[in-house]
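Welcome, and thanks for taking a look at this one. Please have the sequence and the model side by side as you read.

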Amino acid sequence: SYFLHGPVVTGKTHLAVAVMRSEIYNIEPVSMGFHWGLDHESLPVFVNAGDLLLEIQDAACDEHNLSPSVRALLQSVLNRNLVVLDDLDVTGQPSWALSALFTVIDRRYRGDRRTIITSNNTLDDIKREDIKIASRIAGLCKLKEMQCPFIAPKGGADDSNVDKNQQ
């Protein structure tokens, strides 16, 4: 598990997605009766922390009747073998949001589930807002500071769009 932190445009999300894609390529198919497939739980999941909080906030309006999509999202974030929690930002979050983030990170910590968290906040920034979240991240993840600006090539990783005269 990793906590990738640093300024904007340093490649944190790009690196996290690369690790996630590598994980997908290495999943072994399993026999599912008459065909082969992938075990759903073995697939990694990518979730933006802000989007997750919006889903939780919407569900909080009717806490006894979680929509199936919110329930499925929470279950996948809590139970998958690998989760990328992108753009974690604790600065100025209301207490319910900090509590929700702590619950997600704590459950992954206690379940010894691999987690990649990206953030513009340092662990010290997070500690100032919520020491419990910082403590769980420190216990769950290796800390990696990203410093160099990351500029994706035009056309993404595929350089077939690059003019041959420019090379």
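The notes below cover the sheet, one proline and the cysteines. Keep in mind that this is a predicted model. An open sheet of five strands, paired in parallel, runs through it in the order 4-5-6-1-7.

**The sheet**
- Strand 4 (45-48) and strand 7 (142-145) are the edge strands, and each of them pairs on one side only.
- On average, neighbouring strands of this sheet are turned by 15° against each other, direction ignored.
- Strand 1 (residues 2-5) runs parallel to strand 7, and four bridges join the two.
- Within this pairing, Tyr2 has Lys142 of strand 7 standing opposite.

- You will find Pro44 in the loop between strand 3 (35-37) and strand 4.
- Pro44 has a relative accessible area of 10%, so it counts as buried, the cut-off being under 20%.
- Leaving aside residues up to four places away in sequence, Pro44 touches Met20, Glu23, Ile24, Ile27, Arg80 and Leu82.
- Of these contacts, Leu82 is 38 residues from Pro44 in sequence, yet their C-alpha atoms are 4.7 Å apart in space.

- How many disulfides does a search of the whole structure find? The search finds zero.
- Cys141 counts as buried because its relative accessibility is 8%.
- Cys148, by contrast, counts as exposed because its relative accessibility is 59%, and the cut-off for exposed is over 50%.

How values were computed:
Residues numbered from 1 in each chain as written. Predicted model: local features only at pLDDT ≥ 70, side-chain atom pairs only at ≥ 80, totals over all residues. Heavy atoms only, no water. Disulfide = S-S within 2.5 Å. Buried < 20%, exposed > 50% of the residue type's maximum accessible area, 1.4 Å probe, protein only. Pairing = 2+ DSSP bridges. Axes fitted to C-alpha atoms, helices over the stretch in contact; angles between N-to-C directions. Contact = heavy atoms within 4.5 Å.
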